[in-house]
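Student: I would like a close look at a single part of this model. Keep it brisk, and give the cut-offs as you go.

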Amino acid sequence: MAYGDTDVLRAKMSTLELLGYSPERLEDIVVTLDTEYHLIRPLSQRVSQGVFLYLVVDRARADLDAARATMRDVALRIDV
């Protein structure tokens with residue numbers, strides 16, 4: 001799974017670069033499935049190295065905004 005998600009992150013980073021956006025502007029990527037949200041959040045201090053947090057939550061039970069906020073908070077506290 002990590003390999004595939006790394007590809008998703010790299011593809012988005014490449015697309016942003018082609019469009020002239022700074023990689024640091026990417027906060028997260030949300031993949032919406034029928035029953036789940038998959039969230040990918042690059043760690044800002046390691047964005048160019050492809051280091052990220054990955055979270056899967058149940059759509060019926062999760063608050064997407066709260067999940068994103070929690071990931072943001074965790075990413076600020078992680079020292080990789």
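Student: What percentage of the 80 residues in the chain is buried? Then take me through the sheet: which strands stand at its edges?

Tutor: Buried residues make up 28% of the 80; buried means under 20% relative accessible area, exposed over 50%, and partly exposed in between, with a 1.4 Å probe and protein chains only. This is a predicted model, where local features need pLDDT of at least 70, side-chain atom pairs count only at pLDDT 80 or more, and totals for chains, interfaces and linings use all residues. Residues are numbered from 1 along each chain as its sequence is written, and side-chain values use heavy atoms, leaving out hydrogens and water.

Now the layout. The chain has 2 helices and 3 strands, in the order α-β-β-β-α from the N terminus. Helices (H or I, at least four residues) and strands (E, at least two) are DSSP runs, numbered from the N terminus.

The sheet is open and has 3 strands, ordered β1-β2-β3 with antiparallel pairing. Two strands pair if DSSP finds at least two bridges between them. The edges belong to β1 (29-32) and β3 (52-58): each has a single partner strand, so one side of each lacks a neighbour in the sheet. Neighbouring strands are turned by 15 degrees against each other on average, direction ignored. Axes here are lines fitted to C-alpha atoms, for helices over the stretch in contact; angles run from 0 to 180 degrees between N-to-C directions.

Strand β2 covers residues 36-42 and is joined to β3 by 7 bridges, running antiparallel. Within this pairing, I40 stands opposite Y54 in β3.

Helix α2 (residues 64-77) packs on the sheet. This helix touches β1, β2 and β3, and its direction makes about 25 degrees with that of β2. Contact means heavy atoms within 4.5 Å.

The other helix, α1 (residues 2-18), holds D5. Not counting residues up to four places away in sequence, D5 touches I40, F52 and Y54.

D5 is buried, yet has no salt bridge. A salt bridge needs a side-chain nitrogen of Lys or Arg within 4 Å of a carboxyl oxygen of Asp or Glu. The nearest side chain of opposite charge, R10, is 12 Å away. Lys and Arg count as positive, Asp and Glu as negative; His and the chain ends are not counted.
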